[in-house]
Amino acid sequence: MSNIEEGKMEDIGTGGTADPVGETADPAESMEQFLDEDAKDDGNDKDHEGWRNKMLRNRTLMTVAVILLFIAIIGLIIGITARQSETIKSFSETTGHDFMLRAKIVVHPEYGGDLDPSGTVTLSFDTEDHFLLTTQVKGLEEACELCSVRVYSRQSCFDTTGPPFWNHHLVKNNPWDRVHYNSYDSVAHSAVSTYTGHEPQQMEGHIVVIDNSLGQHIACGVLEKDTAPRRVHTLYAEVANLPTYTMTQIAGIAKVQFFADDTFIFGFIFEGLPHLCSRCQLSIQEGTSCEAPLIGSHYFDQKQLERDPWVVARGAYYNADAQGNGQRSFFLYNGHGYSENKNHAVVLKAPDGTRIACGILGTKRIIPHLGQNVVQ
């Protein structure tokens, strides 16, 4: 073999780049390498399994979080719905009468004149023990202006020697000095609000006495609890801001329930009122529009009523809490019934007397949909 061929064979047999097929591997070294590779594979499997477990834990936590969030949302919806139901229920209860007393009026035993009075006197109490005294009596003088009607401390029409009945500790001046009736064509259909400091149960059983223009007792009756339903018709007004008022966003419902004698309960539930507004005025107006020039003055029959009933002293006001929410009711009589008050404007005023909100009375039933801060 030539030197060239021998050189080639030497390179093939001993060079670092030669084909390894001809090399013989060390068995111990091979096994160690195999075990190292197997350990690496086992470590990779464990890492993969740990990653999978971590992902499963995260997925489980996310699922639990979603379920809890869903439960919280459902609870919130149920809570809001329940609160709304309670608000509507509270509104319905607030606009209902709390207590009524009625006296059947007959000729006073001590009266010997020609008049023959008969009829009823009704006391309709609100939840604050103020009441609307309604006189519906015929057979009176042809025309009696500002004639007296009072509840006395006695409990029999045969004994009227006692004083008018009121709580001297809570009411300083005699409230009965401001309670009167007017008669036209011998008929009285009058109503006036007052407060005596007594609860309605304390007034039950006492006598009502009617005087003529000379101050003579001409008619009498004993007050008894009236449990007969009297509601006849209801009007609703959805109240909102007038364009000239932008300080707050007023929303709410006024609900006016009329009875057969044309007296009514004025109930309301509002939000967005001037905060902490105390005894702020509200009223039914002469106008049938919420446009400023057409709202008009307070709506009442000036022939039947000697004074405007839409005043704070008669209960025609609202109160607002620190969040601007307000809810209450009061009895009133403006000399007009259901059909006459229909389509007239309801107006709310600010503490300074400025008109701030308005709504029109109609027959469509409106359910309040207010925020969560409504006063219960």
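**Exercise 1. Is Phe-266 buried or exposed, at its relative accessibility?**

Start with the cut-offs. Buried means under 20% relative accessible area, exposed over 50%, and partly exposed in between, with a 1.4 Å probe and protein chains only. Phe-266 has 0% relative accessibility, so it counts as buried.

A note on the model: it is predicted, local features need pLDDT of at least 70, side-chain atom pairs count only at pLDDT 80 or more, and totals for chains, interfaces and linings use all residues. Residues are numbered from 1 along each chain as its sequence is written, and side-chain values use heavy atoms, with hydrogens and water left out.

**Exercise 2. Describe the aromatic pair of Phe-131 and Trp-176.**

Step 1: know the rule. Rings of Phe, Tyr and Trp (its six-membered ring) pair if their centres lie within 6.5 Å; planes under 30 degrees apart count as stacked, over 60 as edge-to-face and the rest as tilted. By this rule the count is nine aromatic pairs.

Step 2: apply it. Phe-131 and Trp-176 are 6.1 Å apart, centre to centre, with 40° between the planes, and the pair is tilted.

Step 3: place the residues. Helices (H or I, at least four residues) and strands (E, at least two) are DSSP runs, numbered from the N terminus. Phe-131 is in strand 3 (residues 131-138), while Trp-176 is in the loop between strand 4 and strand 5, 45 residues apart.

Step 4: check burial. Phe-131 has 2% relative accessibility and counts as buried. Trp-176, at 1%, counts as buried.

**Exercise 3. Which arrangement do Phe-266 and Trp-310 form?**

Step 1: Phe-266 and Trp-310 form an edge-to-face pair, 6.1 Å centre to centre and 75° between the planes.

Step 2: Phe-266 lies in strand 11 (residues 264-271) and Trp-310 in the loop between strand 12 (280-284) and strand 13 (317-318), so the pair ties together parts 44 residues apart in sequence.

Step 3: Trp-310 is buried, with a relative accessible area of 0%.

Step 4: look wider. Ring pairs link Phe-258, Phe-264, Phe-266, Trp-310, Phe-330 and Tyr-338 into a cluster.

**Exercise 4. How many disulfides does the structure hold?**

Step 1: a disulfide is a pair of cysteine sulfur atoms within 2.5 Å. The structure holds four.

Step 2: look at examples. Cys-157 and Cys-220 form one, with sulfur atoms 2.0 Å apart. Their link is left-handed, at -85° about the S-S bond. Both Cys-157 and Cys-220 are buried.

Step 3: Cys-277 and Cys-280 form another, at 1.6 Å. The torsion about their S-S bond is about -95°, so this disulfide is left-handed.
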